[in-house]
Amino acid sequence: MQNDHSSSSPMESLSARATHALAVAMRRFGSLPFQEEQLLRVGQPAYSGAEYRVALLELRKAELLIAVRRGWGEKLYCVPPEVYFRWHPVLFPKMPEPVEQADIMYMDEHTPCPPLGLQLLHAAAELVKTGMKLTTKGILTKRTIEKCSQHLFLGNEAAAFLSFPPEMDGYPFKVAVMLDMAARLNIFVKHEKKLALHEEAFAGWMELPVREREAGLIRMWRDLYAVRTSYSADAAALVSRLEPFKWYRLDDLDHVLETRMHGVPDGSRQETPVRAWCRLMMQLGWMEEAATHHGERACRWLYGSTAMEQAEAGHTISEPIRVTPDCEVFVPPLASTAVRWQLEMMAERVQSDVMTIYRLNAKSIAAACERGSQYEELAAFLEYASGEPLPDTVQFAMEGWAQAGPAAAALPESISSGAESGHQLALDPLFTDPTKTDHLDRLMELPTVESLFQGLDEVPLVWRSQMRAYHKSTRRELMERALNWRVPVNLSVMGTIIPFVPDELVDGMGDWAVSGRLLKNCGAEPVKLKPDMWDEMMLVIPKLH
Amino acid sequence: MIREDHPLIVQADSTVLLDDRHIEAEAAREQLAQFADLTKRPGHLHTYRITPLSLWNAAVSGLSANDIIDSLARYSSYELPLKVTGRIRTMMERYGKLRLERSEDGSLMLYGEAELLEQLSDQPELKAMLLPSPNHEPDARLAKPEDRGMLKQELTRMGYPVIDLAGYRAGEALQVRLREQAISEQPFQLRDYQKRAVDMFYCEDRMDGGSGVLVLPCGAGKTVIGIATLARLGCDTLILTSNVTSVKQWKRELMDKTTLTESFIGEYAGNSKQVRPVTIATYQILTNRRHKDDEYAHMKLFSERNWGLIIYDEVHLLPAPVFRMTAELQATRRLGLTATLVREDGREADVFSLIGPKRFDLPWKTLEARHWIATVECTEIRIPLHKTDRDKYAGAAAAAKSRIASENTAKIDAVKTLLEKHQGKPALVIGQYLQQLHKIAQRLQAPLMTGEMPHQERERLYASFKAGEIPVLVVSKVANFAVDLPDAAVAIQVSGSFGSRQEEAQRIGRILRPKKDDNSAWFYTLVTEGTKETEYARRRQLFLLEQGYRYKVMNWRPGIDRGDEAELPLNELYKEAGSP
């Protein structure tokens with residue numbers, strides 16, 4: 001299971017009230033900022049507003065929630081993404097059972113996509129080959145955008161699902177996402193009127209073992225993009241906990257999520273959040289879809305998102321490539337990214353499958369030479385990456401093609417951290433992060449519980465410490481305080497104490513009544529009470545756990 | 001994706017890559033050969049392809065989808081792509097879904113699941129051929145007997161092979177049996193695999209027998225199997241083969257090994273147009289016509305007698321018009337004989353649907369292990385191009401490049417040295433270009449046999465060669481097919497068609513017959529280093545590699561730039577390719 005940490009112990013340190021409030025907040029807001037009022041509105045009737053307020057305080061104290069203030073004084077709360085994903089399995093432990101491999105069959109509609117790491121690599125190679133010049137509007141040329149798009153498999157429907165704009169700064173969604181990721185990985189920089197590769201950062205990224213590379217990108221999608229809406233975050237958190245390589249029915253996943261998705265505002269969605277997220281993961285090459293023998297759709301992870309799973313897979317060592325005498329290069333799935341990059345720069349990719357197949361030809365070698373490579377370097381690279389001498393035919397052919405190509409060496413479009421670094425600018429991410437609260441004033445100081453109930457000192461201590469019988473007018477006064485502070489009251493009726501959460505005072509016919517909820521057996525019964533319907537009462541001020 | 005150490009990598013598009021250097025490669029290859037076709041073998045990574053036809057042929061041989069998936073999984077480095085296992089299951093399930101049968105009143109019926117038949121009946125290509133059954137059963141359709149071939153062809157094309165159980169006409173009965181002692185006084189008895197091949201074709205217990213292809217290497221006695229089938233069925237038989245020499249060989253074998261006399265055997269080739277109970281014709285004469293708009297006049301041969309069996313020798317060479325004719329002859333038993341199912345024109349599906357599925361396949365290596373054929377050592381020798389020719393090559397157009405590479409004059413020295421090495425062994429030098437062959441013949445002072453040579457003169461040369469009076473024979477591509485040269489032990493190929501797999505297979509077949517002494521034979525293919533010829537050579541070798549043969553690749557290193565004659569001993573003249 002893809003648990004980042006074991007989270008059972010933190011739960012024990014939280015009150016049931018705080019645990020409940022965290023669950024409500026995560027369920028309804030995911031990792032997006034929310035106001036106290038919003039939480040209270042979606043909270044359960046069994047809890048009073050004051051209990052939620054104290055729970056928020058408790059969660060802040062436990063550093064599971066941060067509080068910020070907007071310029072005009074509005075206070076917002078937010079469950080940081082790392083907390084969200086750490087606590088998701090704790091609060092929502094229910095998981096579906098996997099399906100036996102023998103029950104799985106191929107589904108015609110499924111088109112496998114290369115993993116995102118390779119999609120990015122191929123798109124970056126296309127950028128280098130097609131040119132990274134920026135137009136007067138400061139974006140890549142139309143041709144480059146089109147060429148680049150061919151290597152990316154992200155569908156436009158993902159934009160709506162994740163609440164992205166369909167276009168950003170003149171880029172179609174999938175190219176915008178690619179540039180956004182590249183900016184966050186720091187692999188592109190802006191240099192005068194063009195984009196360029198940041199050689200060091202790019203080399204660093206390429207050095208990552210394949211599984212680590214993909215795991216990093218999976219986490220990036222989860223922590224940065226899935227959290228853009230509460231339902232995508234919930235689906236992503238659930239799906240990320242599925243065991244890699246095991247098959248799960250989408251219906252089962254939907255069912256798990258449905259049990260806590262009641263009242264999702266956008267009821268018009270055609271696809272459930274789980275299905276939309278899984279489809280996205282397939283477009284990014286990380287998941288695979290199939291059908292069971294009963295025709296139900298199922299999916300599974302092809303990559304894991306944690307270091308632990310990489311270790312389980314046991315393959316962090318790069319596999320060597322194979323060069324055949326007919327000038328084809330076979331690249332196994334776990335070949336290093338740097339080797340693939342070199343091949344992108346000198347050969348034509350003819351098939352992306354389990355094995356990626358490249359073909360060395362006159363055009364690709366001439367183009368590599370044009371970008372500054374020499375035949376000897378190219379041949380030496382192939383021998384290094386394959387671990388054996390090049391076949392004679394390949395040597396002979398490459399040498400001929402290199403000689404026929406232009407001798408003049410143009411500089412590749414990359415920037416090292418050296419001489420030209422003064423002119424380079426970091427590329428800004430294209431999309432803002434809706435969970436980000438760095439730009440707001442972080443509220444560090446924790447208020448006391450008492451400060452949540454303004455005027456607490458003004459009321460007699462006995463009102464909140466002992467059950468007493470009061471005059472009708474005092475009863476009303478207590479109810480007004482309870483309503484103001486959103487605290488429950490304990491009512492004694494014929495010797496039995498019943499907690500009651502008042503919602504509203506109702507005046508009429510020279511008398512008054514209070515509507516609210518009687519808390520019984522973990523449930524809330526809506527009632528309207530007249531002041532003579534209970535004997536004794538007291539205010540219940542929640543305490544910090 | 002978890003990697004295990006095995007020799008196969010199965011791609012999602014149903015190609016399979018075999019790492020030839022892996023310790024399990026041989027075992028994996030043996031399995032693959034049963035359900036996949038070798039398409040490419042550059043270096044140590046061989047490419048196979050699993051196609052619907054390769055799967056259906058496997059189904060005919062009794063393999064199940066699970067057998068195939070288990071074999072692949074056993075040797076695969078990575079988990080099998082779901083698409084591949086799905087496709088294997090789908091294709092294998094389709095075999096047997098449709099059956100052609102005769103109803104009690106003799107009409108032709110296509111049986112299958114109602115839903116499938118409904119779907120197929122809606123296809124425009126099939127609409128006119130599939131009629132409602134007389135009783136409107138949903139799982140049956142009526143077909144016209146004359147559409148039998150076309151229907152099978154079309155259904156195969158759509159991915160639904162048909163098991164043809166509609167039976168055959170008996171043909172005119174013919175009194176014939178195999179002799180126990182051949183007229184040539186050689187004892188004659190069918191070898192066990194030859195008997196089995198006939199049984200597999202005949203399929204006495206199964207109605208779907210009686211048509212199909214037997215895949216046997218040259219030297220395995222395809223002609224004998226054809227004759228044995230004819231004798232088993234005892235009916236008038238039309239034998240179609242590739243050239244006149246082969247017609248004569250068939251006739252000779254028929255007279256030698258059966259009770260048929262000359263008056264029963266007709267030759268329908270060249271100037272002879274005899275139609276007799278057993279008639280042997282060439283594909284060429286059947287497709288001969290004066291103008292391209294004319295009818296094929298000789299196609300009438302198919303209906304001139306009540307043939308009970310048609311034998312298609314070298315079925316991979318069957319020309320398109322004969323396919324069309326064959327589509328109309330589905331009620332006649334059809335036997336295809338070949339060393340390879342690979343057709344250069346890619347019409348393997350037509351062979352499957354119109355002649356029949358593969359009924360028997362015998363790898364060459366099995367024959368070799370049992371000494372039914374010679375043990376052959378195959379070597380590709382790469383010869384550098386002389387400096388002056390190198391410049392010529394660099395500046396030449398594509399077509400001219402091949403010619404320059406093929407006719408590399410340095411090859412003559414190599415031929416001479418190789419012949420010296422194998423002195424005393426009967427040797428053939430085989431080539432494509434007459435000019436080159438003339439030069440070689442002159443240099444070796446050996447006779448040259450070409451297509452221009454009259455048949456009588458050819459026969460005389462064969463006889464002298466067989467008698468050992470001529471040690472070396474230089475032959476043009478006329479030697480590719482069905483030429484009986486029993487005592488050749490060395491074949492040196494100096495040039496060939498651009499990568500024709502069948503040609504290489506046929507040429508090597510010239511030296512495969514068992515040898516009296518050490519049962520060894522040598523096949524050399526000479527190619528010009530660093531030219532397209534090496535690429536063609538690789539393609540040509542595909543079929544033999546599929547059959548389990550290995551090519552040693554050597555670099556020829558005489559003092560060619562100095563223009564010296566090679567004087568060093570042979571083993572010092574060539575070194576293992578890749579060594580310094």
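Into which domains is chain A divided? In this predicted model, chain A splits into domain 1 (1–93), domain 2 (96–315 + 417–432), domain 3 (322–411) and domain 4 (455–539). The close-ups below take a sheet, a domain contact and a chain contact in turn.

**View 1. A three-stranded open sheet in chain A, ordered S2-S1-S17.** Pairing here is antiparallel. Strand S2 (75–78) and strand S17 (441–442) of chain A sit at the edges with a single partner strand each, so one side of each has no neighbour in the sheet. Strand S1 (residues 66–69) of chain A is tied to S17(A) by two bridges, the two running antiparallel. Look for A:Arg69, which stands opposite A:Asp441 in S17(A).

**View 2. The salt bridge between domain 2 and domain 3 of chain A.** One salt bridge turns up across this interface. The side chains of A:Glu344 and A:Lys129 meet in a salt bridge, at 3.9 Å from N to O. Five residue pairs are in polar contact between domain 2 of chain A and domain 3 of chain A.

**View 3. The contact between chain A and chain B.** Chain A brings 33 residues to this one and chain B brings 28 residues. About 2600 Å² is buried between chain A and chain B, 56% of it from carbon and sulfur atoms. A trio to pick out is A:Tyr106, A:Arg322 and A:Val354: they supply 23% of the area that chain A buries against chain B, more than any other three residues.

**View 4. Salt bridges and polar contacts between chain A and chain B.** There are three salt bridges across this interface, including the one where the side chains of A:Arg300 and B:Glu79 meet at 2.5 Å, N to O. Nine residue pairs are in polar contact between chain A and chain B. Strand S3 (104–105), strand S9 (287–292), strand S12 (328–331) and helix H19 (392–404) of chain A each give at least two residues to the side of chain A that touches chain B. That side of chain A has 17 nonpolar, five polar and 11 charged residues.

Terms used
Residues numbered from 1 in each chain as written. Chains lettered and ligands numbered in written order. Predicted model: local features only at pLDDT ≥ 70, side-chain atom pairs only at ≥ 80, totals over all residues. Heavy atoms only, no water. Pairing = 2+ DSSP bridges. Helix = DSSP H or I, 4+ residues; strand = E, 2+ residues; numbered from the N terminus. Domains from an automatic or database assignment. Salt bridge = Lys/Arg side-chain N within 4 Å of Asp/Glu carboxyl O. Polar contact = N/O pair within 3.5 Å; in protein donor to acceptor, adjacent residues only side chain to side chain. Contact = heavy atoms within 4.5 Å. Buried area = accessible area lost by both parts, 1.4 Å probe. Nonpolar A, V, L, I, M, F, W, Y, C, P; charged D, E, K, R; others polar.
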